[in-house]
Amino acid sequence: MNQPGAAQTQELVTATPSFAMLRTLSLVAGLSGFLVVLAYQITLPMIEENKRIAIERALFKVIPGAVSRRDFMVTAQGIVPADDSTGEGTLIYAGYDEQGRLSGVALEAAAQGYQDVIRILYSFDPACQCIRGIQVLKMAETPGIGDKISKDPQFQENFVELDARLSADGSTLANDIHMVKHGTKTKPWQIDAISGATISSRAVARMLNDSAQQMVPKIVADLDQLQDADRGTE
Amino acid sequence: MKRPDQEEKVTADTFLRGLWEENPVFVMLLGMCPVLAVTNSAINALAMGLATTFVLLFSSSLVSLLRKLIPKQVRIATYIVIIATFVTIVDYSIQAISLDLYNALGAFIQLIVVNCIILGRAEAYASKQRLGATVVNSLGMGVGFTIALLCLGSVREILGAGSLFGFPLFAENFQPWVVMILPPGGFFVLGGWLLLFNGYRQYRERKLMEQQGATASGS
């Protein structure tokens with residue numbers, strides 16, 4: 001009399017879950033997949049647009065007078081427009097003024113800061129062979145101390161016309177860009193540090209020097225490629 | 001604190017419990033990680049609160065709808081999948097709304113997945129209650145969480161940056177307490193609010209006891 005009841009209970013305990021578990025998990029997983037793909041599809045164009053606006057806003061800030069831009073790729077074979085390039089290379093952005101003349105080239109540089117890697121966008125002006133502006137793209141420096149690199153007006157003045165002339169043979173910079181203690185800047189290729197934020201200031205100087213030593217000779221050598229803005233994007 | 005095991009009727013208390021009696025931050029002390037990390041400005045706190053509320057509301061509703069279908073053995077896995085889905089949607093939406101905001105909130109948007117407030121609501125409430133009660137209750141919890149984050153965020157921004165929602169409040173010569181927007185400031189301000197909250201709670205309880213004592217001796 002007791003037997004069938006016990007068997008039934010046991011059957012209930014073991015039989016229900018595996019089917020129910022499969023059914024529920026696949027239902028939930030399917031629903032979840034559908035919702036995620038839907039959200040991705042809807043937001044993708046907006047996210048891309050936001051990223052483009054963010055780059056452009058930074059770009060037109062670092063290149064004085066620029067109103068349009070074209071993307072190029074610096075490869076081992078020289079500079080090619082980014083659309084035509086297939087190989088590996090570094091992306092650079094050329095900015096043009098209203099007459100379509102080249103007003104500067106913007107490049108990305110990065111180095112380890114106090115907390116995390118600092119990424120900046122800076123512009124090189126071939127006319128004066130100098131660095132004309134920097135814009136911090138991403139950093140995690142201490143608020144109120146290291147993050148002054150993005151807004152301190154005195155520090156920003158370093159990059160109004162930071163000397164980046166090439167050496168006689170055109171393979172490197174004539175003078176290393178380096179940081180000096182606050183208030184002791186004497187040469188146009190020196191960066192006056194922010195007092196109290198030496199590590200962040202040095203990181204900016206180091207990334208500018210590393211990037212400029214490498215990229216400026218290539219840009220100057222292939223400047224003709226960058227000159228015309230006819231195919232420029234608005 | 002009530003822990004309803006039976007389906008309960010929707011009352012004002014269903015909503016208000018999350019704001020005061022069971023406030024997730026000031027009473028239950030849940031979700032401390034985003035509470036301390038992203039409240040360095042009022043706008044970050046508001047965005048984090050709203051994002052959490054959205055995830056809380058939708059994941060609890062779905063859990064409540066599916067509560068009869070979810071076997072006990074896989075309930076946690078199911079909850080996590082549901083929560084992760086809505087977190088991903090919020091993640092994409094915030095990127096679409098503002099990249100600056102997305103960068104300011106950092107990894108904490110993705111980390112809503114493991115926010116114990118949401119999992120706690122799913123386990124302790126949504127899995128046992130009807131949809132209506134769940135929506136009202138989790139909305140209350142979300143609003144309570146958002147208010148708590150705003151309490152911290154605005155105090156930290158006012159003291160640490162001299163502004164509120166980015167608008168400067170003081171004259172030029174105000175020297176901000178930078179420490180308040182740094183991690184230690186989060187602990188200071190949270191401690192301050194907890195002191196205030198619990199002090200008031202004890203004061204009210206004492207008042208109530210005295211009243212009862214008065215009526216007892218009077219009779």
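# A walk through a two-chain predicted model

B:Phe165 lies in the loop between strand E1 (163–164) and strand E2 (167–168) of chain B, where helices (H or I, at least four residues) and strands (E, at least two) are DSSP runs numbered from the N terminus. This is a predicted model, in which local features need pLDDT of at least 70 and side-chain atom pairs count only at pLDDT 80 or more, whereas totals for chains, interfaces and linings use all residues. Residues are numbered from 1 along each chain as its sequence is written, while chains are lettered from A and ligands numbered from 1 in the order in which they are written.

Most residues other than glycine have a negative phi, and most peptide bonds are trans. B:Phe165, although it is not a glycine, has a positive phi of about 50°, and B:Leu29, also not a glycine, has a positive phi of about 50°. B:Leu29 lies in the loop that joins helix H1 (12–19) to helix H2 (32–37) of chain B. B:Phe165 counts as exposed because it has 12 C-beta neighbours inside 10 Å, and B:Leu29 counts as exposed because it has 12 C-beta neighbours inside 10 Å; a residue is buried if 20 or more other C-beta atoms lie within 10 Å of its own, exposed if 12 or fewer, and partly exposed in between, with C-beta atoms placed from the backbone.

From these loops we turn to a helix pair in chain B. Helix H3 (residues 42–65) of chain B has 24 residues, and 17 of those 24 are buried, which leaves H3(B) mostly covered. From its first C-alpha to its last, H3(B) reaches 34 Å, close to the 34 Å expected at 1.5 Å a residue, the expected span being 1.5 Å times one less than the number of residues. H3(B) packs against helix H4 (residues 75–97) of chain B at an angle of about 145°, with the axes 9 Å apart; axes here are lines fitted to C-alpha atoms, for helices over the stretch in contact, and angles run from 0 to 180 degrees between N-to-C directions. On the side of H3(B), the meeting residues include B:Phe54, B:Phe58 and B:Leu62, and on the side of H4(B) they include B:Ile82, B:Phe86 and B:Val90, two residues being in contact if their C-beta atoms, placed from the backbone, lie within 7 Å. The residues of this contact between H3(B) and H4(B) divide into 13 nonpolar, 1 polar and no charged, where Ala, Val, Leu, Ile, Met, Phe, Trp, Tyr, Cys and Pro count as nonpolar, Asp, Glu, Lys and Arg as charged, and the others, Gly among them, as polar.

Between the chains, 20 residues of chain A are in contact with 20 residues of chain B. The side of chain A that touches chain B is made up of 14 nonpolar, 5 polar and 1 charged residues.

Chain A itself comes to 4 helices and 9 strands, and its elements run α-β-β-β-β-β-β-α-β-β-β-α-α from the N terminus on. Of the 234 residues of chain A, 29% count as buried. Among the contacts in chain A with a separation of 6 or more, 58% are between residues 24 or more positions apart.

In chain A, 7 strands form an open sheet in the order E2-E1-E3-E4-E5-E6-E7, with antiparallel pairing; two strands pair if DSSP finds at least two bridges between them. Strand E2 (78–81) and strand E7 (162–163) of chain A are the edge strands, each pairing on one side only. Helix H3 (residues 198–221) of chain A packs on this sheet, touching E1, E3, E4, strand E5 (117–125) and strand E6 (130–138) of chain A, and its direction makes about 135° with that of E4(A).

Within the sheet, strand E3 (residues 90–96) of chain A is largely enclosed by the rest of the structure, because 5 of its 7 residues are buried. E3(A) pairs in the antiparallel sense with strand E1 (residues 68–75) of chain A over 7 bridges; A:Thr90 in E3(A) is the bridge partner of A:Val74, and A:Tyr96 in E3(A) stands opposite A:Ser68. E3(A) also pairs in the antiparallel sense with strand E4 (residues 102–112) of chain A, over 4 bridges, and there A:Gly95 stands opposite A:Gly104 in E4(A). The hairpin of E3(A) and E4(A) has 5 residues between the strands, and in this hairpin A:Gly100 takes a positive phi near 80°.
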